[in-house]
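Good morning, colleagues. Please look at the sequence and the structure on the screen, and I shall then take you through a few of its features.

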Amino acid sequence: MKALFFLQALHLIAIVATASIRAPDTALAYHRLCDPRVLSSSKNPRRLLSSLCSFLNRHPLTRMLTTPPFALFVLTSQSIRTLNTVLQEAHDDPSVDTWWWYLATLDYRAAPQRKPDGTGQIGTPTPVDPSFSSPFVGKGLEEVAKWLRGKPQNVDLDSRYFGVLDKQAGKSGKVAICRLNDPKTEKEPAWCILRDADESTLFLAGLPSDLDWNELVEIGRYTLEL
């Protein structure tokens, strides 16, 4: 256990020392090692790991990363079975193994909240409450963008990247991955691409830069089916 901890600590230190946190593998390492479930342990090595993560949380390079969990907006009617499948498949990737999708509602208080020590929380686990009904059904990206831009700072969700389930996604085992556009330069509130559910949060957590996102959109931009 201690040997594993020291390897983890050395990896985190190397991330900062080499300024390579934007690379997909090191970005994923940061998210995995600084997962709030790991940091919640009371063992002393974990406390040191928590201190290292707190340092990384303030590091300028870290601010370039996406910040799980991510909001998942259900814009068309989806069965609870479909929601469970999407969330579970995104969770079950060995490189993720946590709940990084949060089924968005209108209530910011129900969303994951950032803790005083800077660590975050997980998204929506399965099974989904059978009574869940998305308040975003019938709405578009304009309403989604308004919700994300209006969220309080203590709401622990990525402020740029999010997921959407429309008529094609979800039922086909996919998620539309979207990023908010700058309203000063783009008329459309967001651009999206389509990804399999089982790689969706892994893809977002390891996304290394805006440049890569722009290239992906240019190659395969996806238009939502509402």
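I begin with the lining of the largest cavity, which is formed by Leu87, Ala90, His91, Thr98, Trp99, Trp100, Trp101 and Thr201. Please keep in mind that this is a predicted model. The space in this largest cavity is about 40 Å³. The count of cavities of 30 Å³ or more comes to one. By residue class, the lining has five nonpolar residues, three polar ones and no charged residue.

Which helix supplies the largest share of that lining? It is H5, with three residues.

That brings me to helix H5 itself. H5 covers residues 80–92, which is 13 residues. From its first C-alpha to its last, H5 reaches 18 Å, close to the 18 Å expected at 1.5 Å a residue. Which residues of H5 are buried? They are Thr82, Leu83, Asn84, Val86, Leu87, Ala90 and His91. As a general point, an α-helix has 3.6 residues a turn, so residues three or four places apart point the same way.

A search of the whole structure finds one. This disulfide joins Cys178 to Cys192, with an S to S distance of 2.1 Å. Cys178 belongs to strand S4 and Cys192 to strand S5, residues 190–196, so the pair ties together parts that are 14 residues apart in sequence. The link of Cys178 and Cys192 is right-handed, with 100° about the S-S bond. Are these two cysteines, Cys178 and Cys192, buried or exposed? Both Cys178 and Cys192 are buried.

Finally, I turn to a proline. Where is Pro116 placed? Pro116 sits in the loop between S2 and helix H6, the latter being residues 141–150. With a relative accessible area of 90%, Pro116 is exposed, because the cut-off for that term is over 50%. Pro116 and Asn154 are 38 residues apart along the chain, and their C-alpha atoms are separated by 9.2 Å.

To close, I return to two points. H5 gives three residues to the lining of the largest cavity, and a disulfide joins Cys178 to Cys192. Thank you for your attention.

Technical notes. Residues are numbered from 1 along each chain as its sequence is written. This is a predicted model: local features need pLDDT of at least 70, side-chain atom pairs count only at pLDDT 80 or more; totals for chains, interfaces and linings use all residues. Side-chain values use heavy atoms; hydrogens and water are left out. Helices (H or I, at least four residues) and strands (E, at least two) are DSSP runs, numbered from the N terminus. The expected span of a helix is 1.5 Å times one less than its number of residues. Buried means under 20% relative accessible area, exposed over 50%, partly exposed in between (1.4 Å probe, protein chains only). On a 1 Å grid over the protein atoms alone, a cavity is a set of points where a 1.4 Å probe fits but cannot get out, and a pocket is an open set with protein on both sides within 12 Å along at least five of seven lines; lining residues have an atom within 4 Å of a point. Grid points are joined across faces, edges and corners, and a volume is the space filled by probe spheres set on the points. Ala, Val, Leu, Ile, Met, Phe, Trp, Tyr, Cys and Pro count as nonpolar, Asp, Glu, Lys and Arg as charged, and the others, Gly among them, as polar. A disulfide is a pair of cysteine sulfur atoms within 2.5 Å.
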